Amino acid sequence: MFTDREKHLMLAALGLDTDTERVYRAMLDHRDDGISALSQRLALPEDRLRNCLDRLHSLALVRPSAKADSAFRVLGPEQAMKLLLARQQAELAAHQERLETARVAAAQLVAECASLYRPSAGLHTEELTGAEEIRDRLARLAADVRHEIMTLAPGGAHSESDLQASREPNATLLERGVTVRTIYLDSIRNHQPTLRHVQWLHERGGHVRTAPSLPIRMIIADRTEAVLPLDPADASLGAVVLTGKGVITALCELFDSTWQAAKPLVPTVERDTDGLTPQHREALRLLAQGLKDDAIAKRLGVSTRTARRFAAELMDALQARSRFEAGVHAVQNGWLPAHRS
């Protein structure tokens, strides 16, 4: 025989709370009681009692009695226990079925992903371990790229030291005419060191956008080679270099769709009354002195390509067809002081 405490624990495990159990026991002992009588007997407000009756009815342990509107028919303890056990077993079986369905779906997904790595799929992989190996491989990737570098950069704001370290390789890429497109998280818009770095990139022809979230850390070179972390949750564990038309096409589509949805980030640059930035103004002064593009680039601390872009923008603003004509128009517009003889 079970003690009252053991019965209480079993009933609780089978879905009966304390009040509902009390109501059920009272109904077994006083089968002719209606709602008012039960409420008084248990000192339980009628609204709480009705909630308990609703619970017992949903479990099929009580039914309205045909004898009177205020009386109920109660299922006996043995039958009630069997019914509750059967219900719990059915719920457990359904839960196990859902788990199995999820497990099968997960296994299928893993299998489909694993199939991408088969040689028959035309995919080639190169696994990288350790920060130094990853850094060296990325350096080789940057040296070999000819047209475009596309980067998804999750993780929020980067440290100033990391941003500073990335400037030389980025400057080299932009100097060679490589298109550099990067998508950061929206959160960098509140991080001044990253904003200064974005401004630095923008001045040299780099393109930056931001998105609320990013699916994965990823670098794609020339739409033929991609570098992804081995573990998206911890990029420090290693990386894998992927090449192969099918998977690279899919990754490029992922980047392109993310890029289209992302917001351009072009930091505000102060301009004077003539609409010139400080760099444009200095470039104009250096052009007037007869300096070549590479010398101007060195003086401004930018790439030669950027110096050429500054010159082209100034000529367009001055509606000049040559640099000499740009100098003449700049003097006429008061952008440069006139030379005295």
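Residues are numbered from 1 along each chain as its sequence is written, and side-chain values use heavy atoms, with hydrogens and water left out. Because the model is predicted, local features need pLDDT of at least 70 and side-chain atom pairs count only at pLDDT 80 or more, whereas totals for chains, interfaces and linings use all residues.

Helices (DSSP runs of H or I, at least four residues) and strands (runs of E, at least two) are numbered from the N terminus. The axes of helix α2 (residues 18-29) and helix α4 (residues 46-58) come within 9 Å and cross at roughly 80°, the axes being lines fitted to C-alpha atoms over the stretch in contact, with angles from 0 to 180 degrees between N-to-C directions. The two helices are therefore roughly perpendicular to each other, a term that covers angles of 65 to 115 degrees, while those under 35 count as roughly parallel, those over 145 as roughly antiparallel and the rest as oblique. In terms of contacts (heavy atoms within 4.5 Å), D19, T20, V23, Y24 and M27 of α2 meet R48, L49, C52, L53, R55 and L56 of α4. By class, this contact of α2 with α4 has seven nonpolar, one polar and three charged residues, where Ala, Val, Leu, Ile, Met, Phe, Trp, Tyr, Cys and Pro count as nonpolar, Asp, Glu, Lys and Arg as charged, and the others, Gly among them, as polar.

C52 is buried, with a relative accessible area of 5%, and C252 is likewise buried at 5%; buried means under 20%, exposed over 50%, and partly exposed in between (1.4 Å probe, protein chains only). The structure holds zero disulfides, a disulfide being a pair of cysteine sulfur atoms within 2.5 Å.

E225 lies in strand β8 (residues 225-229) and counts as buried because its relative accessibility is 19%. The side chain of E225 makes a polar contact of 2.5 Å with the side chain of R137; such a contact is a pair of N or O atoms within 3.5 Å, of which, within protein, one must be able to donate a hydrogen and the other to accept it, and residues adjacent in sequence count only if both atoms are side-chain atoms. Beyond its neighbours within four places in sequence, E225 is in contact with residues including R137, L141, V241 and I248.

Positive phi values occur at A43, near 50°, and at D222, about 55°, neither of which is a glycine.
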